[in-house]
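Here are some notes for a colleague who is opening this structure for the first time. Please keep the view open while reading the points.

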Amino acid sequence: MLGQSKAFSGFSVDDIKKAREFYGATLGLKVSEANGLLTLHLASGATVLIYPKPNHVAATFTILNFPVDNIEKAVDDLTRRGVHFEHYDGQLKTDETGIFRGGGPLIAWFKDPAGNICSVLEQKGTQS
């Protein structure tokens, strides 16, 4: 029944204006707004709904992954735009720039203004 549905994902934030600025201006994504909700229009053709929630609690898992050709370039570019990458020193250990190089794809995590976790991960053959 739902196999043909054009499903989409969504997540909450505590401030729609800050989310629009971050996802649109800082990350450079196409963002539209209607009825107090944001829609991210991803290069894959997928959309993601962002909705306000007064008692918002940030996700403790990665809500969006952005594949990039070159993670070092992506991290440098995003850092210049004001994105702060997370640094971990436990089971997941990141380097001084915030990149995890401990097996699997190279990946770096950052948070949106509402504290939700996003990542860039290196996958050759993608746009960055």
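1. At 15% relative accessibility, T26 counts as buried; buried means under 20% relative accessible area, exposed over 50%, and partly exposed in between, with a 1.4 Å probe and protein chains only. T26 is found in helix α1. Helices (H or I, at least four residues) and strands (E, at least two) are DSSP runs, numbered from the N terminus. Leaving aside residues up to four places away in sequence, T26 touches E21, L78, R81 and V83, where contact means heavy atoms within 4.5 Å.

2. A word on the basis of these values. This is a predicted model, in which local features need pLDDT of at least 70 and side-chain atom pairs count only at pLDDT 80 or more, while totals for chains, interfaces and linings use all residues. Residues are numbered from 1 along each chain as its sequence is written, and side-chain values use heavy atoms, with hydrogens and water left out.

3. How many salt bridges are there? The count comes to eight, a salt bridge being a side-chain nitrogen of Lys or Arg within 4 Å of a carboxyl oxygen of Asp or Glu. Side chains of opposite charge can pair when their charged atoms come close.

4. One of the salt bridges joins the side chains of E33 and R20, at 3.3 Å from N to O. E33 lies in strand β2 (residues 30–34) and R20 in helix α1 (residues 16–26), so the pair ties together parts that are 13 residues apart in sequence. E33 is partly exposed, with a relative accessible area of 44%, and R20 is partly exposed at 34%.

5. E33 also has a place in strand pairing: its bridge partner in β3 is L38. β2 and strand β3 (residues 37–41) pair in the antiparallel sense over five bridges; two strands pair if DSSP finds at least two bridges between them. The hairpin of β2 and β3 has two residues between the strands, and N35 takes a positive phi near 55 degrees there.

6. E86 and K111 form a salt bridge whose closest N and O atoms are 3.9 Å apart. This pair links distant parts of the chain, with E86 in the loop between α2 (71–80) and β6 (99–100) and K111 in strand β7 (residues 107–111), 25 residues apart. K111 is partly exposed, with a relative accessible area of 39%.

7. Between D95 and R101 the closest N and O atoms are 2.7 Å apart. Is D95 buried or exposed? D95 counts as buried at 17% relative accessibility, whereas R101 is partly exposed at 42%.
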